[in-house]
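Dear colleague,

Please find below the structure that I am handing over to you, with its sequence. My notes on it follow.

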Amino acid sequence: MNQVAIEGHIRYFQSLLPAAVERRVLFADGRRSTRSVQFLDGQRMRYRAPRLPRIDGATTRAGFNAMWRRFAVARPGDPLLLYFAGHGSPDPQRDLDNNVFDLWGGGGLSVRDLARRIDDLPDGTPVVLVMAQCFSGSFANLLFEGGRPDGELVDRDVVGFFAATRDRPASGCTPEINEADYTDFSSYFFAALSGVDRLGRRVDRADYDQNGLVGMNEAYAYALLHQTTSDVPVATSDVFLRRFVNKPDHEIMATPYSRILSWASPAERAALEGLSDALGLRGEHRLRATYDLEFGPGAGRRDIEDVASAHRLRFIRLAKSVVLARTLRQSGDRARIERFERLRAAEARNPLAEARAASQARKDARRRAPR
């Protein structure tokens with residue numbers, strides 16, 4: 001089940017990193033000779049060896065542990081970006097707050113497994129996670145001690161963007177070889193963040209606040225708006241708000257749409273307006289109407305593959321986050337507000353642009369150094 005699209009996601013991401021940026025790539029069994037990549041040849045399923053520019057180890061627990069030992073002795077403050085492209089599964093005990101990233105040959109890396117490893121990093125190491133696997137939203141719990149949703153907030157900056165809520169699958173694992181057909185969350189996210197999509201085409205419509213830089217929050221909004229699949233993505237700030245702001249759904253859904261837009265950031269506003277137009281939503285009470293359509297008495301059983309339903313859920317979840325953020329900012333809880341704004345500021349960074357700038361600065365320093 002190691003589809004060629006997974007290999008393509010890794011290749012695309014590697015192409016976005018400056019050559020000087022240190023990286024580690026774990027893929028399948030770590031061997032270049034194993035026919036571990038599944039692809040569709042006409043109507044026939046076939047396998048071939050990987051064609052990645054580099055492979056540093058296997059996606060096994062031993063391979064992950066060996067890689068992590070290098071991270072644990074990194075310079076304090078060096079940022080770490082973790083990109084997971086593969087399969088995910090619900091927790092075997094059905095604890096959806098502790099889902100797993102599937103490892104090669106069986107077993108998995110759970111939310112709490114990864115939380116323990118992040119604790120081993122030097123103090124001050126900021127962590128960004130982009131996770132494309134099914135049921136990945138539970139990894140937003142890495143915001144909390146031990147990866148437990150009822151734990152205290154971790155002190156380090158941990159932000160993440162996930163292809164699916166904790167109870168839903170994600171798209172992007174296909175044996176089709178035509179990359180023009182790939183519509184997974186991480187492809188849209190990284191296309192907006194880098195300014196170039198996986199086919200080399202320029203992407204220049206994601207700078208919603210017009211400040212000259214696309215932040216991860218804007219890349220997330222771009223994916224929410226443009227990804228034409230049944231994925232329902234999640235950001236760490238969504239999970240923060242749902243943990244710490246107590247406001248009943250019936251009150252949130254009664255909020256007039258014009259107020260929600262007035263409270264939204266430019267990226268949130270663009271996604272709300274785009275989703276609203278695509279869904280044909282109208283009027284001040286469109287949030288309530290959309291919520292009733294999905295969850296009301298006559299809603300019936302939702303089809304998890306229904307794209308329109310998924311887009312309605314994106315609209316509902318985003319609008320709810322906007323209302324909860326407004327409620328928090330009006331609460332007077334200064335410590336919690338400051339922690340939320342710190343999280344939002346971290347989500348607005350662009351680690352690819354920062355890596356390019358750091359790489360260029362090192363080159364400039366070498367040129368200026370006396371010989």
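I begin with helix H12 (residues 334-347): at 1.5 Å a residue, its 14 residues should span 20 Å, and its end C-alpha atoms are 20 Å apart, which agrees. The expected span is 1.5 Å times one less than the number of residues in the helix. Helices (H or I, at least four residues) and strands (E, at least two) are DSSP runs, numbered from the N terminus.

Please note that this is a predicted model, in which local features need pLDDT of at least 70 and side-chain atom pairs count only at pLDDT 80 or more, while totals for chains, interfaces and linings use all residues. Residues are numbered from 1 along each chain as its sequence is written, and side-chain values use heavy atoms, with hydrogens and water left out.

Helix H12 and its surroundings

Buried means under 20% relative accessible area, exposed over 50%, and partly exposed in between (1.4 Å probe, protein chains only). In H12, the buried residues are Ile 337, Arg 339, Phe 340, Leu 343, Arg 344, Ala 346 and Glu 347. They pack against strands S8 (158-162) and S9 (234-235), and against helices H5 (216-226), H6 (236-244), H9 (266-279) and H11.

The nonpolar core

A nonpolar core is a set of buried Ala, Val, Leu, Ile, Met, Phe, Trp, Tyr and Cys residues joined through side-chain atoms within 4.5 Å. The largest one has 106 residues, of which Leu 114, Leu 129, Phe 189, Phe 190 and Leu 272 touch the most other members. Helix H11 (residues 307-329) gives the most to this core, with 9 residues. Beyond its neighbours within four places in sequence, Phe 189 is in contact (heavy atoms within 4.5 Å) with Val 130, Phe 161, Met 216, Ala 219, Tyr 220 and Ala 223.

The sheets

Two strands pair if DSSP finds at least two bridges between them. S3 and S7 (residues 127-131) run parallel and are joined by 5 bridges; Tyr 83 stands opposite Val 130 in S7.

Another open sheet has 3 strands in the order S4-S5-S6, with antiparallel pairing. S4 (88-89) and S6 (108-110) stand at its edges with a single partner strand each, so one side of each is left without a neighbour in the sheet. S4 pairs with S5 (residues 100-102) over 2 bridges, and Ser 89 has Val 100 in S5 as its bridge partner.

Kind regards
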